[in-house]
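These are my notebook entries on one chain, written down in the order in which I looked things up.

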Amino acid sequence: MNLTDREKEELKALIDRGEPLPPRYKLRLFSDAPEVELIWQGKTNEVTNVVLPFQSIEQIDEPRKAVNEALNLFSMDRSSGRQASGWSNKLIWGDNKLILSSLKNGPMRREIEAAGGLKLIYIDPPFDAGMDFSVDLDVGDDTLTKEPSVIEELAYRDTWGKKGERYHQYMYERLNVMKELLSEDGSIYVHCDWHVGHYLKIILDELFSPDYFLNEIVWYYYNKFQGNINRFASNHDVIFWYRKSDKYIFNKQREDRDEKVRQLKRVWDKEKGAIINAKGPDGKVIYIESSEKTVDDVWRLSMLQPADRTENLFYSTQKPEALLGRVISAASNEGDLVADFFCGSGTTLAVAERLNRKWIGCDLGRFAIHTARKRLIGVQRALKSEGKPYRSFEILNLGKYERQYFMGVDPNLPEDQRKAQSIQREEHYVNLILTAFKAERVFQSPPFHGKKGSTLVLVGPIDAPVTQSQINDVIKACQKLQVSKADVLGFEFEMGVTQHLQDEARKKGVALGLKYIPRDVFDPRAVEKGQVKFFDVCYVDVKPFVNKGLVSLRLTDFGVFYRQDDIEELTADLKPGGSKITVENGQVVKIMKDKKEKITREILTKKWSDWIDYWAVDFNYESRREIIRVVENGEEKELWTGGYIFENEWQSYRTRKDRSLELSSGTHEYSGKGKYKIAVKVIDIFGNDTTKVLEVKV
């Protein structure tokens, strides 16, 4: 170490005071430190190594057959879609930090390796802390803007900080694990724009090495319409491409020219070790006409336009399929496994399926998972109609979540202080929710947090959905405590845990209330005025029709209780001549104020079925147990969760192009007489699902 006495004294004084050392000393103190490095407050090389079990909650092996065409599970041709073995594509709902860690360190890593390893990762992460994560939904001829969930806002804005000051650590940790997941011949494409591209380039150089940087690809979208701005228009994004090692996949891409050109024919000369002009027998150079050219690092591809109702799903971060087609074709081969850990509306996954690649996709947004599910079923149907191969896919949850407490915990505190702060923050959060719910805090009846009259109350986490196992624990606790009523409060509920669990609880003598925590629970004024309304989860009614071994179903009712805005505030903020679409008491309502400031309301959800975006049927529910793989004391075990996988055999859903919805299912034929359980899953226009299980006798 080449330090002066004065520098040594300065360092000693800083260490004695417990202060951080200046970055300029890093290279001199640590010989292996990188020469160029991006430094930020709280930077750490530590990554989450938690291993959480993946729960398969839905399997989509075969897209539905035509309406009224009998389905028979036992005679279905497995070569057409259902698979007895082999890789099943994964669509995972949850925090990608925990998903990445569980993929890297858990039992599913072996599945990835058996599938040939992960050859390509493409990610299009959010790159602006001020981005709007709301989604526009079609309701008749109008558009309702769905606000992001509390969980989505916490995961993005609060994780980054208000101005994105923690974004670097957010991406650094995830990119670090992605690198470890890649196969040795794999590569990664990171999509970004001017907001954070300069930071991500340095982070990628540190993690992958500048020597393994391959391209900075410029995606120029020539068809973007700019407003009147006092600068050059921003009409491009960038994509950074890095390889993991010296060995990687690259397939040159060709694109059409605007018009044919006459050019010299070029060939490789082994003796000279160079490309030269080709010559004919007469010694003259050869010219050829070409209507194609090799793709370079500037890609002129149109962006999605509102008028495109075929591909455009109006998902804010959606990218055109042509862009992903080029990425996947260039950096992988047929049969390879590709992944997108910010999959959004599922563009990467849909293109990968069409190009005969295996895939993994995940997203924190429940609506994103629902959008991708519909899109991928559409791809399956199209491939099936064309006689082309397609692969099954499953929708998964993480089995349990790490707790991140209300308003966060300072990571720089010692461990004992972090634990104390965690307990304090959680208690603050629980008391906040119980106060808004008008319940009192109790400590003598775990797992319950409070009590409202004779009803015990459990408050779900702020950063994760309420799970099936949590609800099962509530039911068992009620039986043990001999309590007949319980309410479970949550910002979101795990997919598939709603109505049928209430039905099961009722059979055990427990009246179970599942209620959504509203967004305005964090508004002190609303809490003080008692204006916070907790609303019940959705309910569905179904009627079965049985005739000589054939069964079909008809939806007969569906109810929601949502509320999105404070109507009084919304009305007061409206300008004369303005209008706003919102949700009030389970109805989508258009509030209008004319020029004389007269207020009128129009209910847009005319029928109960207007709330339904998608529904599906499993005609033989409980035929396939949900098995998870966990690691205990270094040993891997298979455990039955007590639940069942929903096998999606028939479905009807709305698209932006076709807003119609069938309310009667196709007909299913059973192999023999007996009692069968049927599960019906209904997903509303917000992406929330409700599952009802009924029994039929054949």
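This is a predicted model: local features need pLDDT of at least 70, side-chain atom pairs count only at pLDDT 80 or more; totals for chains, interfaces and linings use all residues.

I looked up what Q380 touches, taking contact as heavy atoms within 4.5 Å, and found that, apart from neighbours within four places in sequence, Q380 is in contact with I60, D61, E62, P63, Y390, R391, S392 and F393. Q380 is found in helix 10, where helices (H or I, at least four residues) and strands (E, at least two) are DSSP runs numbered from the N terminus. Q380 counts as buried because its relative accessibility is 1%; I use buried for under 20% relative accessible area, exposed for over 50% and partly exposed for what lies in between, with a 1.4 Å probe and protein chains only.

Residues are numbered from 1 along each chain as its sequence is written, and side-chain values use heavy atoms, with hydrogens and water left out.

How many salt bridges does the rule give? I applied the criterion of a side-chain nitrogen of Lys or Arg within 4 Å of a carboxyl oxygen of Asp or Glu, and the count comes to 35. In one of them the side chains of E394 and K90 meet at 2.6 Å, N to O. This pair links distant parts of the chain, with E394 in strand 16 (residues 393–398) and K90 in strand 2 (residues 89–93), 304 residues apart. I noted that both E394 and K90 are buried.

I then took R354 and E321, whose side chains form a salt bridge at 2.9 Å, N to O. R354 lies in helix 9 (residues 347–354) and E321 in helix 8 (residues 321–331), so this pair ties together parts that are 33 residues apart in sequence. R354 counts as partly exposed because its relative accessibility is 42%.

The next pair was D689 with R366, a salt bridge of 2.4 Å, N to O. It links distant parts of the chain, since D689 is in strand 35 (residues 689–697) and R366 in helix 10 (residues 366–385), 323 residues apart. D689 counts as buried because its relative accessibility is 3%, and R366 is buried with a relative accessible area of 3%. Salt bridges that share partners also join K90, R110, E111, E394, R629 and E636 into one network.

Entry 4, the sheet that holds strand 35. Four strands form an open sheet in the order 32-28-34-35, with antiparallel pairing, where two strands pair if DSSP finds at least two bridges between them. Strand 32 (650–653) and strand 35 stand at the edges, each with a single partner strand, so one side of each is left without a neighbour in the sheet. Strand 34 (residues 675–684) and strand 35 pair in the antiparallel sense over nine bridges, and A679 stands opposite V693 in strand 35.

Which strands pair with strand 1? Strand 1 and strand 16 pair in the antiparallel sense over six bridges, and the bridge partner of E58 in strand 16 is I395. Strand 1 and strand 31 (residues 646–647) pair in the parallel sense over two bridges, with E58 standing opposite F646 in strand 31. Strand 1 (residues 54–60) is mostly covered, as seven of its seven residues are buried.

Helix 8 is largely enclosed by the rest of the structure, because ten of its eleven residues are buried; E321 and L323 are among them. In helix 13 (residues 499–507) I listed Q499, H500, L501, Q502, D503 and A505 as buried. What covers the buried residues of helix 13 includes helix 12 (468–481), strand 21 (511–516), strand 23 (539–547) and strand 35. Just after helix 13, G509 takes a positive phi of about 85°.

V298 is in strand 13 (residues 298–300). V298 counts as partly exposed because its relative accessibility is 42%.
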